[in-house]
Protein chains: 2
Amino acid sequence: MEKFPAPQFLRNDKARYGGLCCIWTRHASAIIAVPRFSPATPMPPASKNLPKDSRQDWSERLTALAGAISDADDGAHDINHLHRVWQAARILLDDYPAANALVVQAACYLHDLVNLPKDDPQRHLASRQAAQLARRHLQQLDFPADQLDAVAHAIEAHSFSAGIAPTTIEAQIVQDADRLDALGAVGLARLFYTAGRMGSRLAHADDARATHRALDDRRYALDHIACKLETLPATMQTDAGRRLGERRVQWLRDFRTRFLAEWEGA
Amino acid sequence: MEKFPAPQFLRNDKARYGGLCCIWTRHASAIIAVPRFSPATPMPPASKNLPKDSRQDWSERLTALAGAISDADDGAHDINHLHRVWQAARILLDDYPAANALVVQAACYLHDLVNLPKDDPQRHLASRQAAQLARRHLQQLDFPADQLDAVAHAIEAHSFSAGIAPTTIEAQIVQDADRLDALGAVGLARLFYTAGRMGSRLAHADDARATHRALDDRRYALDHIACKLETLPATMQTDAGRRLGERRVQWLRDFRTRFLAEWEGA
């Protein structure tokens, strides 16, 4: 197996792909609960000695890779998001015993390798770029070559803005799992956290319900529930994803009702 | 009446007080639903012509002043926060017909004039600085001189970190009203919004419940509920504030339970 690419390689990727964030912070060790690389340390040698086909081995390699290259600075898209997407995917996998769990797991951990801001004109291409980059990283790890296309497709198709239909059950599961993490209580926390990073308002001052104006979720965080989150269950590819999604959206609706009552002073 | 201080005056205050944000953005007109000053425009002449003792007049003057000097860039502390604090204060005022509503209103709209970051060593002094600054602004507006001390005390005492006990019913109402806005659905949105601005994590990766570690709400947003928000109802000075606060804290506890279930993959 070739050595895992050194950080310099990652930095070159960042320049090339324009949106990959590879940030080493003093808080990193507290945020990420998986083995991490430091700028001076290549792939930990221990994992090289594990058999390649071991699930445990691949779990360790994928979380280590994701931990090293995920955006530790963005609490809505850090390694914990990747853990939760894989966690949700495992629930969905229960209904599809024939699906390739390793493909799903690799795509879950690498789907956000390139995450461009909402207003970046290249945003619709980010998941394609992530798929290319994931392919290169997985090749470096000696990932089974015959499964690379399946992982790349699942990564390409996960994104809302890419507009690529998932054609395999693995890609469908990854897409549903990623969308589930935008819903419910954690999804709500991520929504307002991201609004804080973007400098949006919490809601429109006088017309938070958007009765007399168009929804605008770049300016008003609350609008994101009606603009996008409520629409997600209908896009779910699996029955379990849709069921879970609908439950979480109902909770978001209840939150919105309560928020509006407080906002409007009812 | 003297002319409202020109923006240069505000900028001098910013330098002097070190934390006052007076930001003019292209979104300002959409965010703030009250008359605003632009950097080139002094106090709108119309309000000069209204009788000084008119409640309507003071509402307009105070919201205009607050709109001009509040931090339009921080969705958790913008003019809408000030509107909500005054809205909550009006509910509390119902139980205290003898309280001076104008003092309460002025303190609600001017309490955040100086809002220093959580890690600023001067943070415990911010509310005293805000009180001094409010006094100067109100003097410029010919606010009743015999009520300036009461407004200044309510502003000084509103802050958690200042550690000043509110000794008047007006100050007690302002403190309760401000704390109510940290609770419930809007409080939750403000919590995660602020976490995004500060770059905290949503929660601790492996021990989100803080079973085996100390709570740390600067690093983990979720910790803020147990660290501070749950403690607020017991600090409330009015019965209605405590009742409302307890109801909103219960909702936050329910949120936390749901968040943890999703975070831990239950």
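Where in chain A is the place of Asp207(A)? Asp207(A) sits in the loop between α10 and α11 (223-227) of chain A. The model is predicted. Chain A is built from 13 helices and zero strands, and chain A and chain B bury about 3,500 Å² between them.

**Chain A overall**

- Chain A contains 13 helices and zero strands, so its pattern along the sequence reads α-α-α-α-α-α-α-α-α-α-α-α-α under the DSSP assignment.
- Chain A has 266 residues, and 56% of them count as buried.
- Taking contacts in chain A between residues at least 6 apart in sequence, 65% link residues at least 24 apart.

**Interface between chain A and chain B**

- The interface brings 42 residues of chain A into contact with 42 residues of chain B.
- About 3,500 Å² is buried between the two chains, with 61% of that area on carbon and sulfur atoms.
- Tyr193(A), Arg201(A) and Glu262(A) together account for 19% of the area that chain A buries against chain B, more than any other three residues.
- Two salt bridges are counted between chain A and chain B.
- Arg201(A) makes a salt bridge with Asp78(B), and the closest N and O atoms of this pair are 3.6 Å apart.
- Eight residue pairs are in polar contact between chain A and chain B, both residues being at pLDDT 80 or more.
- Four helices of chain A, namely α2 (28-31), α5 (79-93), α10 (184-198) and α13 (239-263), each contribute at least two residues to the side that touches chain B.
- Helix α10(A) gives the most to that side of chain A, with 12 residues.
- Sorted by class, the side of chain A that touches chain B holds 19 nonpolar, 10 polar and 13 charged residues.

- Asp207(A) is buried but has no salt bridge.
- The side chain of Asp207(A) does reach the backbone nitrogen of Thr211(A), at 2.9 Å.
- With neighbours within four places in sequence left aside, Asp207(A) is in contact with His212(A) and Arg213(A).

- Not counting residues up to four places away in sequence, Leu148(A) touches Arg135(A), Leu138(A), Gln139(A) and Phe143(A).
- With neighbours within four places in sequence set aside, Ala157(A) contacts Ile164(A), Ala165(A), Pro166(A) and Gln175(A).
- Leu148(A) and Ala208(A) are 60 residues apart along the chain, and 46 Å separates their C-alpha atoms.
- Ala157(A) and Arg136(A) are 21 residues apart along the chain, with 18 Å between their C-alpha atoms.

Terms used
Residues are numbered from 1 along each chain as its sequence is written. Chains are lettered from A and ligands numbered from 1 in the order in which they are written. This is a predicted model: local features need pLDDT of at least 70, side-chain atom pairs count only at pLDDT 80 or more; totals for chains, interfaces and linings use all residues. Side-chain values use heavy atoms; hydrogens and water are left out. Contact means heavy atoms within 4.5 Å. Buried area is the accessible area (1.4 Å probe) that two parts lose on being put together, summed over both. A salt bridge is a side-chain nitrogen of Lys or Arg within 4 Å of a carboxyl oxygen of Asp or Glu. A polar contact is a pair of N or O atoms within 3.5 Å; within protein, one must be able to donate a hydrogen and the other to accept it, and residues adjacent in sequence count only if both atoms are side-chain atoms. Ala, Val, Leu, Ile, Met, Phe, Trp, Tyr, Cys and Pro count as nonpolar, Asp, Glu, Lys and Arg as charged, and the others, Gly among them, as polar. Buried means under 20% relative accessible area, exposed over 50%, partly exposed in between (1.4 Å probe, protein chains only). Lys and Arg count as positive and Asp and Glu as negative; His and the chain ends are not counted.
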